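The points are numbered and can be read beside the model.

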Amino acid sequence: MLGPSSDIAFTPAVKAIQTARGSRANYARIEAQGGFRIDIDEHLVAFLSSVDTAYLATANAAGQPYAQHRGGPKGFIRVLAPGLIGWADYVGNRQYVSTGNLAENDKAFLFLMDYAHRRRIKLWGRARISDDPATIARLMPDDYRARGEQAMLFEIEAWDINCPQHIPQKIDAADVSAALNQRDIRIAALEAELATLKTRFGETS
């Protein structure tokens, strides 16, 4: 990449529109600092460990786009090497649109959402499919009820963090259930303590 890494998204056409609408100066300052992030740092590693849902965008040779949801237990997307992440692709409806697109156009985009904390990360890169059994096994989450059919390997070329504006806050059902369970345990403990105090008060009155 000859220019700043943000050029992966900010094409001349995009920059022209930014100029016309008054936001070019803001993004020019980002470009002056090198553009988007490239390396996998501790912030991205921590984010990946908390993510249980992702959207993968690909396009075929004709440029027809396609977006596909991918999910699993938190941390199902794993760092495999510097600049490389991956996840197990489970057996699904067997349309293989993303797989076919990547066979003729390896450019890909990954959109990660954390609704609970109102965070999102965008990753640009190139993706490929691996049928290597060892790689698939390495990426399969422990005790997850799914069958890994192949592995998706994503080479990061640039990534960026979006602001939380307009992200609705949504809490996972499992997290809500755990919080309610802790509340019920606390209520039961307080009720038992109250009953004990009532008994003691009754004995001394």
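1. Contact, wherever the word is used in this note, means heavy atoms within 4.5 Å. Helices (H or I, at least four residues) and strands (E, at least two) are DSSP runs, numbered from the N terminus. The model is a predicted one, in which local features need pLDDT of at least 70 and side-chain atom pairs count only at pLDDT 80 or more, while totals for chains, interfaces and linings use all residues. Residues are numbered from 1 along each chain as its sequence is written, and side-chain values use heavy atoms, with hydrogens and water left out.

2. The helix pair α1 and α2 may be taken to begin with. Lys15, Gln18 and Thr19 in α1 are in contact with Arg24, Tyr27 and Glu31 in α2. The axes of α1 (residues 12-21) and α2 (residues 24-32) come within 8 Å and cross at roughly 130°, which makes α1 oblique to α2. Axes here are lines fitted to C-alpha atoms, for helices over the stretch in contact, and angles run from 0 to 180 degrees between N-to-C directions; those under 35 degrees count as roughly parallel, over 145 as roughly antiparallel, 65 to 115 as roughly perpendicular and the rest as oblique. The residues of this contact divide into one nonpolar, two polar and three charged, where Ala, Val, Leu, Ile, Met, Phe, Trp, Tyr, Cys and Pro count as nonpolar, Asp, Glu, Lys and Arg as charged, and the others, Gly among them, as polar.

3. How many of the ten residues of α1 are buried? The number is one, so α1 lies largely in the open; buried means under 20% relative accessible area, exposed over 50%, and partly exposed in between, with a 1.4 Å probe and protein chains only. Pro12 lies in α1 and counts as exposed at 68% relative accessibility. The C-alpha atoms of Pro12 and Arg24, twelve residues apart along the chain, are separated by 11 Å. After α1 comes Gly22, whose phi is positive, near 90°.

4. Ser5, by contrast, is placed in the segment before α1 and counts as buried at 2% relative accessibility. Leaving aside neighbours within four places in sequence, Ser5 is in contact with Gly34, Gly35, Phe36, Arg37, Ile38 and Ala158.

5. The strands form an open sheet of seven, in the order β2-β1-β5-β6-β7-β4-β3, with antiparallel pairing; two strands pair if DSSP finds at least two bridges between them. At the edges are β2 (65-71) and β3 (78-81), each of which pairs on one side only. Neighbouring strands of this sheet are turned by 35° against each other on average, direction ignored.

6. Several strand pairs can be followed residue by residue. Eight bridges join β5 to β6, with Phe109 opposite Trp124 in β6, and these two strands form a hairpin with four residues between them, in whose turn Arg118 has a positive phi of about 55°. Between β6 and β7 there are eleven bridges; Ser130 stands opposite Ala151 in β7, and Lys122 has Asp160 in β7 as its bridge partner. Strand β4 (residues 84-90) is joined to β7 (residues 148-162) by seven bridges, with Ile85 partnered by Phe154 and Trp87 by Met152.

7. Two helices lie across the strands. Helix α3 (residues 42-50) lies across β3, β4, β5 (107-114), β6 (119-130) and β7, running at about 80° to β6, whereas helix α4 (residues 97-104) lies across β1 (53-59), β2, β5, β6 and β7, running at about 45° to β1.

8. Which residues of the largest nonpolar core touch the most other members? Of its 30 residues, they are Ile77, Ile85, Trp87, Leu110, Leu112, Leu123 and Phe154; such a core is a set of buried Ala, Val, Leu, Ile, Met, Phe, Trp, Tyr and Cys residues joined through side-chain atoms within 4.5 Å. The elements giving two or more residues to this core are α3, β1, β4, β5, β6, α5 (133-139) and β7, and the largest share, six residues, comes from β7.
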